Amino acid sequence: MSSYKYEPRVILKSHLTNHFTDHLIADLNKENNQRQVVESMFSWVTPVKPSHPKLIHVSREVQQELGFSQGEVTSTKFLDFVTGNSILKTSKPYAMCYGGHQFGHWAGQLGDGRAINLGEINGKTIQLKGAGPTPYSRNADGFAVLRSSIREYLCSEAMHHLGVPTTRALSLSLTGDLVMRDIMYDGNSAYEKGAITSRVARSFLRFGNYEIFAARNDIKNLRRLVHYTINTYFPALGKPSKEVYVCFFQAITNSTLEMIIHWQRVGFVHGVMNTDNMSVLGLTIDYGPYGWLEGFDLDWTPNTTDRQHKRYRYGNQPNIGLWNLYQLANALYPLVEEAAPFEAILEDYKTCFKTKSQDMMRTKLGLQRSKKIDQDLIAQLEDNLQASETDMTLFFRQLSFFKADAPVQGIQFVSEAFYRPEEIQGTLKEQWDLWFTRYASRLKDENINYQQRRKRMNLVNPKYVLRNYMAQLAIDKAEKGDYSLIEEFYELLKKPYDEQPHSEQWFAKRPEWARHKVGCSVLSCSS
Ligand code: AMP
Ligand code: MG
């Protein structure tokens with residue numbers, strides 16, 4: 001979608017509803033200055049008009065889901081809509097108030113500092129990320145740069161097609177304005193192109209939306225927001241009551257765990273799992289310094305801010321999910337006034353996490369039955385993967401070719417996945433041979449044939465993910481005005497489990513030049 005020919009006469013037919021703002025409490029102060037906002041869930045705001053808005057890409061899938069015709073998305077009206085250049089008559093833009101625990105500490109009020117919600121279409125909220133300051137901007141500018149907007153745009157759509165619950169993206173646009181950023185926080189600030197991603201989700205409510213009321217001991221509004229959430233998104237739970245609040249927490253716990261298991265399966269590392277970045281609907285939200293595992297490494301984090309303690313490292317994501325759920329439980333506690341039901345759910349998370357992650361790993365290995373030895377088999381595999389610097393995506397995809405009748409040659413099937421093949425010798429080679437022998441004998445306990453197993457494995461082990469350097473290549477081109485890689489990756493990542501013979505070049509290990517390059521393996525929160 002390289003050029004948009006605008007049809008100025010097309011009128012957007014969409015009507016926005018304002019369910020969130022109609023049912024919740026607005027900040028009485030209508031000034032757009034930075035401040036503490038109390039006893040309300042949101043503030044009215046107006047997006048800043050971009051000087052030269054330009055549409056770069058539209059997700060055709062999301063476009064269709066929202067009911068926009070092709071004629072509409074090529075209209076100036078649409079461009080104006082998704083960049084905040086003009087506000088539709090039925091839209092009442094607002095920014096949400098929330099707080100959050102950041103890196104393990106209560107950070108107080110945060111809120112939509114650069115996200116402006118326009119209202120809902122077909123029950124989905126449309127939000128502009130990077131459309132200017134709000135009362136929650138905390139001395140920042142409210143804008144977003146092109147590089148981080150491309151990363152969010154491509155990755156959220158890719159995650160959806162991988163089957164991972166996520167917020168979606170409708171469009172990516174340039175504002176035509178420049179934004180100052182210090183990418184590595186090292187005093188080297190520079191101007192970058194400003195951009196806006198229009199994001200879409202049933203709800204953008206986060207754990208932090210509830211935490212802020214609990215922290216301020218504003219139980220009336222906490223209850224009001226919880227009732228709203230249950231009635232709107234969890235109606236099957238029934239009329240809000242103490243029991244229903246607990247069921248509500250259980251539902252959030254389940255979907256959070258589900259989401260994190262998916263992350264572990266595809267090798268996605270969120271990078272900033274603060275409680276303000278945890279969706280109550282269990283959606284992956286706020287794509288910042290995220291990254292994809294290339295070499296399988298439980299200790300890896302893409303986020304430079306987290307380099308020291310690695311709180312948000314790949315292998316720790318399930319624990320952090322639990323930690324965040326504790327914070328949400330604390331926030332909901334005043335409504336229930338009993339700790340035991342929460343503790344039981346949190347305790348259960350630990351067991352469920354172990355079972356579900358074993359089940360998930362079994363599917364990656366093409367195992368349908370559950371056997372006692374699987375735990376060891378999986379643990380040994382993880383040790384080997386970690387010890388050998390093995391490309392996770394390549395490994396699991398190639399593993400599907402493994403033939404159980406020739407276990408000693410097992411390693412040949414996956415040799416492409418090793419970043420340092422010359423190191424696979426001696427003890428390491430023996431460990432791999434041992435593992436393949438065990439895997440081969442374990443496969444004999446399954447009653448599916450080679451073809452069936454391959455097919456199953458390829459449904460859960462993606463062939464294509466948005467490797468960190470791929471996003472960076474798309475960014476480098478886009479900075480020069482060439483958006484072709486955005487379109488190429490958007491299409492490629494719509495079918496991540498399929499063979500796509502013309503795109504084999506993206507089914508390859510990360511090139512060496514990208515190993516330590518900023519944007520490829522080193523990401524900051526500056527966006
Ligand atoms: P994040 O780390 O992206 O989840 O952001 C944490 C908080 O900082 C949220 O409240 C954001 O809205 C806010 N924030 C991040 N970047 C900006 C920005 N450029 N302008 C205003 N607020 C921002
Ligand atoms: Mg955030």
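How many nonpolar, polar and charged residues are in the shell around ligand 1? There are four nonpolar, six polar and seven charged; Ala, Val, Leu, Ile, Met, Phe, Trp, Tyr, Cys and Pro count as nonpolar, Asp, Glu, Lys and Arg as charged, and the others, Gly among them, as polar.

A word on the source: this is a predicted model, where local features need pLDDT of at least 70 and side-chain atom pairs count only at pLDDT 80 or more, while totals for chains, interfaces and linings use all residues. Residues are numbered from 1 along each chain as its sequence is written, chains are lettered from A and ligands numbered from 1 in the order written, and side-chain values use heavy atoms, without hydrogens and water.

Back to the ligand. Its nitrogen atoms have polar contacts (N or O pairs within 3.5 Å): one is 2.8 Å from a backbone N or O atom of G142, and a polar side-chain atom of D141 lies 3.2 Å from a ligand nitrogen. Alone, ligand 1 exposes 480 Å², of which the protein buries 82% (Shrake-Rupley areas, 1.4 Å probe).

Now the rings. The count is 33 aromatic pairs, meaning Phe, Tyr or Trp rings (the six-membered one for Trp) with centres within 6.5 Å; planes under 30 degrees apart are stacked, over 60 edge-to-face, the rest tilted. F234 and F248 are edge-to-face, because their centres are 5.3 Å apart and their planes at 80°. Both are buried, that is, under 20% relative accessible area with a 1.4 Å probe, protein chains only. Y464 and F507 also form an edge-to-face pair, 6.5 Å centre to centre with 75° between planes.

Technical notes:
A polar contact is a pair of N or O atoms within 3.5 Å; within protein, one must be able to donate a hydrogen and the other to accept it, and residues adjacent in sequence count only if both atoms are side-chain atoms. Buried means under 20% relative accessible area, exposed over 50%, partly exposed in between (1.4 Å probe, protein chains only).
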